[in-house]
Amino acid sequence: MSAAQTQPLLKEYVRKEWVDYNGHMNDAAYALVFSKAVDQLMIELGIDETFRKQYQYSIYTLETHLCYLAEAHLDELLTVTVQLLNSDAKRLHVFFTMENKGGKRLATSEQMLMGIDMESGRPAPFPPSISTHVQNLAKIDEKKEKPNEAGRNIQIPSPR
């Protein structure tokens, strides 16, 4: 899992079908890229197609908070990194950051992910091999500063 910490977790180019009438990537495409990043995180943790079939175990997204910081344009290279903010036996609180080739932050996605027993459809603790990967990621990310956007609420400020 260390490679995902020093290198982008995901690289993706803005596709033509993602560009909207405003001339930049539409909001759903940002969510799609972050969803692909979750898929890649699962692979990095050891939850690939073979693992899912063998152990009937996966990760579901419970909640997402997406912040749009700047526009992404056609054919622009996007990179996504991940930071583990917190975890327990069956949940991951993660923070994804999307940047362009120049390192400009374009968007962030804070997510709560849950380990799921696919046979029962119920939450389940991470299998031991996955738990080990999560613990290793936690050791790396515990030294990182919490991103400014993490834990934000959506609200209109009250007039004073």
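Buried means under 20% relative accessible area, exposed means over 50%, and partly exposed lies in between. The exercises below apply these cut-offs to a predicted model.

**Exercise 1.** Determine whether tyrosine 30 and tyrosine 68 are buried, partly exposed or exposed, and describe how their rings are arranged.

*Solution.* Begin with accessibility: tyrosine 30 has a relative accessibility of 3% and therefore counts as buried, whereas tyrosine 68, at 44%, counts as partly exposed. Next, consider the rings, which belong to one of the three aromatic pairs that the structure holds. Tyrosine 30 and tyrosine 68 form an edge-to-face pair, with 5.1 Å from centre to centre and 90° between the planes.

**Exercise 2.** Classify the ring pair of phenylalanine 51 and tyrosine 55, and state where the two residues lie.

*Solution.* The ring centres are 4.6 Å apart and the planes stand at 35°, so the pair is tilted. Both residues belong to helix H3 (residues 49-55), where, being four residues apart, they are separated by about one helical turn. Phenylalanine 51 is buried, with a relative accessible area of 9%, while tyrosine 55, with 47%, is partly exposed.

**Exercise 3.** Work out whether threonine 108 is buried or exposed, and locate it.

*Solution.* Threonine 108 lies in strand E5 (residues 105-117), and because its relative accessibility is 0%, threonine 108 counts as buried. Leaving aside residues up to four places away in sequence, threonine 108 touches several residues, including Phe34, His65, Phe95 and Glu149.

Definitions and conventions
Residues numbered from 1 in each chain as written. Predicted model: local features only at pLDDT ≥ 70, side-chain atom pairs only at ≥ 80, totals over all residues. Heavy atoms only, no water. Buried < 20%, exposed > 50% of the residue type's maximum accessible area, 1.4 Å probe, protein only. Contact = heavy atoms within 4.5 Å. Phe/Tyr/Trp six-rings, centres within 6.5 Å; stacked < 30°, edge-to-face > 60°.
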